[in-house]
Amino acid sequence: YSYDTNFYSWFVNHNIFSPIFFKEIHLNYNSIFIIKQTVKSPICKKLVYFFFQKFYNFFTMNNLDEARSFFEKDIYATQTTGIQIDAVDTNYSKCSLKISEKHFNAVQGVMGGVIFTLADFAFAVATNSKENVTVTATSQISYLGATKGDTLFAECNLVKDGKNLCFYEIMIYDNLNKKIALVSTTGYKL
């Protein structure tokens with residue numbers, strides 16, 4: 001962290017804000033409101049906000065290739081199940097799964113566990129970065145219908161973020177735009 005440590009030190013040494021500020025903001029981008037409580041002048045508030053808008057990707061995994069590289073270690077989701085990461089952004093992800101025979105249950109429908117795995121992986125992609133780890137605390141799935149399509153998509157969006165817990169909704173739909181399931185997940189930040 002030589003670059004960002006030097007950057008932090010400069011602001012702290014110039015008495016712009018306390019050392020705790022960068023620790024808090026570095027761990028949780030959504031805590032931008034801390035700027036109002038910690039930064040001492042309006043000009044510095046604007047400067048710090050500009051910094052996060054321009055350099056947030058330096059600290060997090062908003063890059064699609066970087067996310068794919070990081071999550072390829074999730075063998076079950078990416079290789080066994082075949083889930084792909086289609087998009088990633090702050091507190092958001094979109095993943096897809098091309099349905100094949102290995103995903104069917106005994107009555108030739110897509111296995112519920114496959115749908116849940118897709119949702120759980122989308123949650124992992126949306127909430128985890130190089131430095132921040134979030135695990136599922138609770139998760140609830142409501143199956144809305146059976147797919148007639150050949151591809152499933154999961155879009156994961158933040159609903160509420162807190163200090164230790166976060167709440168996300170993951171919508172599962174198919175390539176025919178039919179809603180298949182809705183998953184509500186509470187994550188715990190390690």
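Biologist: In which strand is the place of leucine 165?

Modeller: A word on the basis comes before the answer: this is a predicted model, in which local features need pLDDT of at least 70, side-chain atom pairs count only at pLDDT 80 or more, and totals for chains, interfaces and linings use all residues. Residues are numbered from 1 along each chain as its sequence is written, and side-chain values use heavy atoms, with hydrogens and water left out. Helices (H or I, at least four residues) and strands (E, at least two) are DSSP runs, numbered from the N terminus. On that numbering, leucine 165 belongs to residues 165-174, which are strand 5.

Biologist: Is leucine 165 buried, partly exposed or exposed?

Modeller: Buried means under 20% relative accessible area and exposed over 50%, with partly exposed in between (1.4 Å probe, protein chains only). The relative accessible area of leucine 165 is 45%, so this residue is partly exposed.

Biologist: What is the area of the nonpolar surface patch that includes Leu165?

Modeller: Patches are made of residues with over 30% relative accessible area and no salt bridge, like charges being joined within 9 Å and nonpolar side chains (Val, Leu, Ile, Met, Phe, Trp, Tyr) within 5 Å. Accessible areas come from the Shrake-Rupley method with a 1.4 Å probe, and for residues only the protein chains shown count as cover. Together with Val133, Val135, Tyr188 and Leu190, Leu165 makes a nonpolar patch of about 460 Å².

Biologist: Why is helix 7 described as largely enclosed by the rest of the structure?

Modeller: Helix 7 covers residues 112-127, and among its buried residues are Val114, Leu118, Phe121 and Val125. The helix counts as largely enclosed because, of its 16 residues, the number buried is 12.

Biologist: Leaving aside neighbours up to four places away in sequence, which residues does leucine 118 touch?

Modeller: Contact means heavy atoms within 4.5 Å. With residues up to four places away in sequence not counted, leucine 118 touches Ile83, Cys95, Ser96, Leu97, Leu152, Phe153, Ala154 and Ile172.

Biologist: Which residue does aspartate 150 meet in a salt bridge?

Modeller: A salt bridge is a side-chain nitrogen of Lys or Arg within 4 Å of a carboxyl oxygen of Asp or Glu, and the structure holds 2 of them. Aspartate 150 is in the loop between strand 3 and strand 4, and its partner, 52 residues apart, is in strand 2. At 3.1 Å, N to O, the side chain that meets aspartate 150 is that of lysine 98.

Biologist: How many residues apart in sequence are the parts that aspartate 161 and lysine 189 tie together?

Modeller: Aspartate 161 forms a salt bridge with lysine 189, with the closest N and O atoms 2.5 Å apart. Because aspartate 161 lies in strand 4 and lysine 189 in strand 6, the pair ties together parts whose separation in sequence is 28 residues.

Notes: Expected span 1.5 Å × (residues − 1).
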